[in-house]
Amino acid sequence: MVYAGFRRSLPQISIFHNPMSPPSVKVLGILRSTLTSSYPPSNPKAPPLQFDLDVVEGTPPTPDQFKTILSYLDKSRHSSSSVDNSTPPLSVFLSAHPSTPQVHPTTPTTLSRLVAQNPNALRWPIVVDWIAGRASVGDLDGVTAILEGIRRKRDGEEPADGVEQPKGWFS
């Protein structure tokens, strides 16, 4: 049996994907290519990234998932900017599509109902790194930041989560 402190779990990446959304199709292609081709693409000797990719096609997040993703967006925003310390509003999930209602949801449950009735109201794709607590909504730059975080851990530029280094005489 392997000592539990040495086990590493792969990042768990979910993409809430709409095949009718060009940005969603593009991001899904990028995620899939990072699993099979060198990453970053500018370094052909680099290995592919390793993560579990869960493609959730045509189904929006649940109210609990929206709540969690919103907290990840809040965390990501605070790490890059400390200008506004408030939680981002649920409207961050809404698209600019003409069919999107002008009334903005106030709870994750009402948001979930809204996008269940009108999938075009959601900003696709939503990409989530459940292990690292990062998310991106309809934004290629946010997905790139998630992939870069995975790359930095792979390349040893950031400590790996959940890997306990042995402490002993030589450390």
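Author: Helix H1 (residues 22-36) lies across strand E1 (12-17), E2 and E3, and runs at about 155 degrees to E1. The model is predicted: local features need pLDDT of at least 70, side-chain atom pairs count only at pLDDT 80 or more, and totals for chains, interfaces and linings use all residues. Residues are numbered from 1 along each chain as its sequence is written, and side-chain values use heavy atoms, with hydrogens and water left out.

Reader: How are the elements and angles defined?
Author: Helices (H or I, at least four residues) and strands (E, at least two) are DSSP runs, numbered from the N terminus. Axes are lines fitted to C-alpha atoms, for helices over the stretch in contact (heavy atoms within 4.5 Å). Angles run from 0 to 180 degrees between N-to-C directions. Helix H4 (residues 140-154) lies across E1, E3 and E4, at about 155 degrees to E4.

Reader: In what order do the four strands form the open sheet?
Author: Strands of a sheet pair through backbone hydrogen bonds, either parallel or antiparallel. Pairing here requires at least two DSSP bridges between two strands. The order is E2-E1-E3-E4, with mixed pairing. E2 (52-57) and E4 are the edge strands, each pairing on one side only. E3 and E4 run antiparallel, joined by four bridges; Val127 stands opposite Ser136 in E4.

Reader: Which residues touch the most other members of the largest nonpolar core?
Author: In soluble globular proteins, nonpolar side chains tend to be buried together. A nonpolar core is a set of buried (under 20% relative accessible area, 1.4 Å probe, protein chains only) Ala, Val, Leu, Ile, Met, Phe, Trp, Tyr and Cys residues joined through side-chain atoms within 4.5 Å. Among its 20 residues, they are Ile69, Phe93 and Ile126.

How values were computed. Buried means under 20% relative accessible area, exposed over 50%, partly exposed in between (1.4 Å probe, protein chains only).
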